[in-house]
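Thanks, everyone. I have one structure to go through today, so please look at the screen while I talk.

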Amino acid sequence: MRARLFLLDLKATDSLKMTLKWMFQQHSDPKHTSKWATSWFQADVIKWPVQSPDLNLIENLWSDIKNAVFDAKPKNAEELWNVIQSAWVGISVRRCQMLVDSMPHRCKAVIRNKGCITKY
């Protein structure tokens, strides 16, 4: 079921008419490696270990959006979409710069913890 929902998410990107060559990064989560999802990908997929330290800064921004949705408690799909769009547009350049600036600390923490979980 989760694989089919993931595929619906992927298919939603078809309408974006992306003209550049895209590369997707994903770990080996079953919904990412399902036959439905792998049949959709026509772009290159970067192989990523399952239990790798998460240094992908977009995860922090996804968390910001999830928190906005939780706080707003939308009652229908339209409200949900509006909350998501508003949260995305509300992400400041300063927030992104802070995340980028944190990378040296994140990398040091991963090395210090020998690849295990960090506070990031």
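The protein exposes about 9500 Å² of surface, and carbon and sulfur atoms supply 61% of that area. Keep in mind that this is a predicted model. Of the 120 residues, 20% count as buried.

On to the layout. The protein has seven helices and two strands. Read from the N terminus, the order of elements is α-β-α-α-β-α-α-α-α. As for contacts, take those with a separation of 6 or more: residues 24 or more positions apart account for 49% of them.

Next, helix α7, which covers residues 103–112. Which residues of α7 are buried? They are R106, A109 and V110. Seen down the helix axis, these buried residues fall within an arc of 100°, so they line one face of α7. On the other side of the helix, K108, I111 and R112 are exposed. What do the buried residues of α7 pack against? Their partners are α4 and α6, the latter being residues 93–101. After α7 comes K114, which has a positive phi, near 55°.

That brings me to helix α4, residues 58–72, and to N60 within that helix. Is N60 buried or exposed? Its relative accessibility is 19%, and the cut-off for buried is under 20%, so N60 counts as buried. Setting aside neighbours within four places in sequence, N60 is in contact with R95, L99 and R106.

Side chains of opposite charge can pair when their charged atoms come close. How many salt bridges does a search of the whole structure find? The search finds one. In that salt bridge the side chains of D64 and R95 meet, at 2.8 Å from N to O. D64 lies in helix α4 and R95 in helix α6, so the pair ties together parts that are 31 residues apart in sequence. How accessible are the two partners? D64 is partly exposed, with a relative accessible area of 26%. R95 is also partly exposed, with a relative accessible area of 24%.

With a disulfide taken as a pair of cysteine sulfur atoms within 2.5 Å, the count comes to zero. Two cysteines to look at are C96 and C107. C96 counts as partly exposed, at 32% relative accessibility. C107 is partly exposed too, and its relative accessible area is 30%.

Last, the surface. Which residues make a nonpolar surface patch of about 350 Å²? The patch is made by W62, W88 and V89. V89 belongs to helix α5, residues 77–89. Its relative accessibility is 69%, and the cut-off for exposed is over 50%, so V89 counts as exposed.

N60 is in contact with R95, L99 and R106, and W62, W88 and V89 make the nonpolar patch. That is what I have.

Notes: Residues are numbered from 1 along each chain as its sequence is written. This is a predicted model: local features need pLDDT of at least 70, side-chain atom pairs count only at pLDDT 80 or more; totals for chains, interfaces and linings use all residues. Side-chain values use heavy atoms; hydrogens and water are left out. Helices (H or I, at least four residues) and strands (E, at least two) are DSSP runs, numbered from the N terminus. Buried means under 20% relative accessible area, exposed over 50%, partly exposed in between (1.4 Å probe, protein chains only). Contact means heavy atoms within 4.5 Å. Patches are made of residues with over 30% relative accessible area and no salt bridge: like charges are joined within 9 Å, nonpolar side chains (Val, Leu, Ile, Met, Phe, Trp, Tyr) within 5 Å. Accessible areas come from the Shrake-Rupley method with a 1.4 Å probe; for residues, only the protein chains shown count as cover. A salt bridge is a side-chain nitrogen of Lys or Arg within 4 Å of a carboxyl oxygen of Asp or Glu. The arc is that of the directions from the helix axis to the C-beta atoms.
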